[in-house]
Amino acid sequence: MMRFAALCLLFALAFSEYCYDEGVKMTAFTYGEGENQENLMSMIPAEDKVFSNTTVKKCADKTVCFQYTVSATATIPEFDESFEPKKDASNNTIYTTGSMMFVAQGCMDETLSTNSTVTDSICAIWRVSLEEEFNTNELSGMFTDFSTTCGTPSKCGDTCVDAKDIKSNAVGLGVGALLLTFLYMF
């Protein structure tokens, strides 16, 4: 029984403290308001709807993995079937709201993660980054009034990273495997 408990503990230690560091996944993308709101998630590539295993890393000493949400909105033109902005009777562009939701992770110092100045700074970076992204393509200038709201980062512990995304490394997991084998045999 003691060997089994030690095996479980070593397994948990080998797979803890991993994070999709600077990882992001999109969880919602809508256009319009009220009954005219359209869900556009089907337009988003599958790889943008999940965390990328290329961002998996073990958090450094004195940092832990935190997860937070980001809600972003912008004022955008309503588009017709030809993807041209719709106009009203006075030939003014008709605007609506575009919304996106994201979940992000990062390795952070535990004391900074609840600091409102830090979380406000993170949210401001998101707003600027989204604004820059939407103003670097053929839609440049059409999107205005960007705003972001970020949830308070929370520790996600051993649920941060899907076990299938944890990349084996010869030092960390290799040593763990040797220890597990040694304990199991003796």
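Trainee: Quick one to start: what does aspartate 162 count as, going by its relative accessibility?

Mentor: Aspartate 162 counts as partly exposed, at 41% relative accessibility. For the cut-offs, buried means under 20% relative accessible area, exposed means over 50%, and partly exposed is in between, with a 1.4 Å probe and protein chains only.

Trainee: Before I go on, what kind of model is this?

Mentor: This is a predicted model, in which local features need pLDDT of at least 70 and side-chain atom pairs count only at pLDDT 80 or more, while totals for chains, interfaces and linings use all residues. Residues are numbered from 1 along each chain as its sequence is written, and side-chain values use heavy atoms, with hydrogens and water left out.

Trainee: OK, back to aspartate 162. Which residue does it form a salt bridge with?

Mentor: Aspartate 162 pairs with lysine 164, and their closest N and O atoms are 4.0 Å apart. A salt bridge here is a side-chain nitrogen of Lys or Arg within 4 Å of a carboxyl oxygen of Asp or Glu. Lysine 164 is exposed, at 66% relative accessible area.

Trainee: Which residues are linked in a network there?

Mentor: Salt bridges link Asp162, Lys164 and Asp165 in a network.

Trainee: How many salt bridges does a search of the whole structure find?

Mentor: The search finds 6. One of them joins aspartate 21 to lysine 57, with 3.2 Å between the closest N and O atoms. Aspartate 21 lies in the loop between β1 (18–20) and β2 (23–31) and lysine 57 in strand β4 (residues 56–58), so the pair ties together parts that are 36 residues apart in sequence. Helices (H or I, at least four residues) and strands (E, at least two) are DSSP runs, numbered from the N terminus.

Trainee: And is aspartate 21 buried or exposed?

Mentor: Buried, at 14% relative accessibility. Lysine 57 counts as partly exposed, at 39%.

Trainee: What about lysine 155, which residue does it form a salt bridge with?

Mentor: With glutamate 110, the closest N and O atoms being 2.5 Å apart. Lysine 155 is in strand β8 (residues 154–155) and glutamate 110 is in the loop between β6 (95–109) and α2 (116–134), so parts that are 45 residues apart in sequence get tied together. Glutamate 110 is partly exposed, with a relative accessible area of 40%.

Trainee: Changing topic: how many residues has the largest nonpolar core?

Mentor: The largest nonpolar core has 22 residues, and Met26, Phe29, Phe102, Trp126 and Leu130 have the most contacts inside it. β2, β5 (63–77), β6 and α2 each supply at least two residues of this core, and β5 gives the largest share, 6 residues. By nonpolar core I mean a set of buried Ala, Val, Leu, Ile, Met, Phe, Trp, Tyr and Cys residues joined through side-chain atoms within 4.5 Å.

Trainee: What is phenylalanine 29 in contact with, leaving aside its neighbours within four places in sequence?

Mentor: Phenylalanine 29 is in contact with Glu38, Asn39, Leu40, Met41, Ile44, Ser99 and Met100. Contact means heavy atoms within 4.5 Å.

Trainee: Now pockets. Which residues line the second largest pocket?

Mentor: Tyr68, Phe102, Ile122, Ile125, Trp126, Ser129, Leu130 and Glu133 do. The largest share of that lining, 6 residues, is from α2. On a 1 Å grid over the protein atoms alone, a pocket is an open set of points where a 1.4 Å probe fits, with protein on both sides within 12 Å along at least five of seven lines, and lining residues have an atom within 4 Å of a point.

Trainee: Last one: what does the secondary structure of the protein come to?

Mentor: It comes to 3 helices and 8 strands, running α-β-β-β-β-β-β-α-β-β-α from the N terminus on. Of the 186 residues, 31% count as buried.
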